[in-house]
Amino acid sequence: MGYSKSEQETVLAFDYEKNVWKAYSTVPKHIRKLMAIGEMKIIESENDKPICVQGVLSEKQVSMKKERILSEETKEKLRLKALAMHQKTD
């Protein structure tokens with residue numbers, strides 16, 4: 001069952017002295033990503049699946065970026081471009 005949605009959280013804290021990110025998560029999607037990119041300690045598991053992890057990530061493993069918001073016109077152009085590229089590969 002894991003944690004209820006209202007109890008799920010992911011916390012990233014930057015340790016400036018060590019130049020690393022400390023990560024803690026009970027969000028299933030974030031746990032899968034963290035396990036794939038770093039060495040995470042499993043704090044809790046259920047049915048052999050981690051439901052709570054913590055670990056350390058390098059500064060380069062965490063990035064922040066501005067959200068990309070596309071207009072409907074841009075979305076359509078990208079869709080047509082991807083469709084054309086897909087048809088070339090067939």
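**Strands, turn and pockets**

Visitor: I clicked on Ser-45. Which residue in β4 stands opposite Ser-45?

Guide: Pro-50 is the one facing Ser-45 there. Before you click further, this is a predicted model, where local features need pLDDT of at least 70, side-chain atom pairs count only at pLDDT 80 or more, and totals for chains, interfaces and linings use all residues. Numbering starts from 1 along each chain as its sequence is written, and side-chain values use heavy atoms, leaving out hydrogens and water.

Visitor: Fine. What's the bridge partner of Lys-41 in β4?

Guide: Gln-54 in β4.

Visitor: And how many bridges do β3 and β4 pair over?

Guide: There are 6, in the antiparallel sense. Two strands pair here if DSSP finds at least two bridges between them.

Visitor: What about the link from β3 to β4? Which residue there has a positive phi?

Guide: Asn-47, with a phi near 55°. β3 and β4 form a hairpin, and 2 residues sit between its strands.

Visitor: Switching to β2. How many bridges join β2 to β4?

Guide: 6 bridges, and β2 and β4 run antiparallel. If you want a pair to look at, Trp-21 has Leu-57 in β4 as its bridge partner.

Visitor: OK, so what's the order of the whole sheet?

Guide: β1-β2-β4-β3, giving an open sheet of 4 strands with antiparallel pairing. β1 and β3 (40–46) are the edge strands; each has a single partner, so one side of each has no neighbour in the sheet.

Visitor: Remind me what holds strands together in general?

Guide: Strands of a sheet pair through backbone hydrogen bonds, in either a parallel or an antiparallel way.

Visitor: Zooming out, how many helices and strands does the protein chain have?

Guide: 2 helices and 4 strands.

Visitor: Now pockets. Which residues line the largest pocket?

Guide: Thr-10, Leu-12, His-30, Lys-33, Leu-34, Ile-37, Leu-57, Gln-61, Val-62 and Ser-63. A pocket is an open set of points on a 1 Å grid over the protein atoms alone, where a 1.4 Å probe fits and protein lies on both sides within 12 Å along at least five of seven lines; lining residues have an atom within 4 Å of a point.

Visitor: Which element gives the largest share of that lining?

Guide: α1, with 4 residues. The elements giving two or more residues to the largest pocket are β1 (10–15) and α1 (28–37).

Visitor: And the second largest pocket, how many residues line that?

Guide: 13 residues, and those nearest its centre are Pro-28, Arg-32, Lys-49, Pro-50 and Ile-51.
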